[in-house]
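Reader: I would like to learn how to read the features of a protein model, and I would be glad if you took them slowly. Could we begin with how its elements are defined and arranged?

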Amino acid sequence: MQAQIITQFGSPTVFETTDVPTPQVLPHHVLIRVMATSVNPVDYKIRQGAVPDIAPDFPAVLHGDVAGVVETIGEGVTTFKPGDEVYACAGGVKGLGGALAEYMLADVDQVAHKPKSLTMAEAAALPLVSITAWEGLIDRAKVQPGQQVLVYGATGGVGHIGVQLAKSAGATVYALVSSEEKGAIARKLGADFTINYHQQPVEEFVAEHTNEQGFDVVFDTVGNDNLQNAFKAAKLNGTVVSIVSLSQQDLTLLHAKGLTLHLVYMLIPLLRNVGRSRHREILTQLAQLVDAGQVQPLLDGQVFKFSEVATAHQRAESGQAIGKVVLQRE
């Protein structure tokens with residue numbers, strides 16, 4: 001089969017198109033004919049060599065997110081049949097082949113039926129970011145109706161799903177954005193209030209929107225040093241969820257306010273082969289929300305071909321994309 005591979009770490013130009021063996025179908029797995037994939041930060045960080053411990057061996061086929069059609073089912077698989085349209089985040093990391101190829105082998109525990117209302121490209125934008133947001137807000141923070149939920153990076157990959165999941169759970173959602181354009185997008189996604197963090201410091205918007213009490217849940221998709229802002233924004237005994245915390249932080253404020261901090265790393269099931277079926281459950285429930293009109297993916301303006309993967313990575317890394325950068329089969 002044809003694949004876009006890397007044989008060394010580096011800039012987006014390290015991608016090359018070549019023929020590699022088609023994966024052999026294993027028990028409890030499905031072989032997916034790949035129709036679309038999307039770029040997540042972990043994908044370009046692996047390509048850069050920034051996270052070598054989780055990188056696949058060379059020659060490496062990257063990308064976890066996939067939308068496609070079941071080609072073949074392995075022994076013991078009863079939930080899918082050839083021809084089923086599916087989506088998943090199931091590879092592109094150490095020990096697991098990725099989606100930048102004609103076919104991708106996936107553990108059936110991580111695969112779900114694709115939302116019927118979405119195209120392949122739209123469905124491919126969802127798995128990693130949606131599982132991350134779901135684990136953070138639904139599984140960990142257990143967002144409840146009537147709570148005030150603050151979302152940092154509200155139009156980013158994880159953030160735009162977080163806004164919609166919190167809204168679907170009945171919360172009042174406050175979206176932190178960097179421009180009027182992004183504020184309009186966040187409102188369209190269901191945010192009740194938008195806050196431009198360039199124009200209002202955290203103390204000011206906490207006072208304005210919560211009478212200086214703070215938010216019940218703060219969902220921080222920026223992470224690292226922004227955790228201190230998240231701690232400031234949370235109410236006493238509130239909850240902070242972060243998806244990026246590769247840093248040293250002063251926990252004084254966390255202690256002084258009695259906060260609960262949750263850290264989400266959705267790749268654990270892929271890397272450690274534990275709890276993979278939870279991903280299937282989340283994607284199955286997510287598909288129902290999508291088809292009910294409660295969640296929609298936000299895609300960047302241009303959809304790329306697989307042969308344009310280098311340009312797609314450049315776009316994703318530029319910081320200029322609004323929503324997910326997606327590639328679809330020519």
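Author: Helices (H or I, at least four residues) and strands (E, at least two) are DSSP runs, numbered from the N terminus. This is a predicted model, in which local features need pLDDT of at least 70 and side-chain atom pairs count only at pLDDT 80 or more, while totals for chains, interfaces and linings use all residues. Residues are numbered from 1 along each chain as its sequence is written, and side-chain values use heavy atoms, with hydrogens and water left out.

Reader: What is the order of the strands in the open sheet?

Author: Strands of a sheet pair through backbone hydrogen bonds, either parallel or antiparallel. Here the open sheet has 6 strands in the order 11-10-9-12-13-14, with parallel pairing, where two strands pair if DSSP finds at least two bridges between them. Strand 11 (193-196) and strand 14 (260-263) are the edge strands, each pairing on one side only, and from one strand to the next the twist averages 20°.

Reader: How many bridges join strand 9 to strand 12?

Author: Strand 9 (residues 148-151) and strand 12 (residues 215-220) run parallel and are joined by 3 bridges; leucine 150, for example, has valine 218 in strand 12 as its bridge partner.

Reader: Which strands does helix 3 lie across?

Author: Helix 3 (residues 127-140) lies across strand 9, strand 12, strand 13 (234-242) and strand 14, with contact meaning heavy atoms within 4.5 Å. Helix 3 runs at about 160° to strand 12, where axes are lines fitted to C-alpha atoms, for helices over the stretch in contact, and angles run from 0 to 180 degrees between N-to-C directions.

Reader: Which residues does the cis peptide bond join, and where is lysine 142?

Author: Most residues other than glycine have a negative phi, and most peptide bonds are trans. In this model a cis peptide bond, with omega about -5°, joins phenylalanine 58 and proline 59, and proline 59 is in the loop between helix 1 (41-48) and strand 4 (60-61). Lysine 142, although not a glycine, has a positive phi of about 50°, and its place is in the loop between helix 3 and strand 9. Glutamate 212 also has a positive phi, near 70°, and is found in the loop between helix 6 (202-210) and strand 12.

Reader: Is glutamate 212 buried or exposed?

Author: Glutamate 212 counts as exposed because its relative accessibility is 63%, given that buried means under 20% relative accessible area, exposed over 50%, and partly exposed in between (1.4 Å probe, protein chains only).
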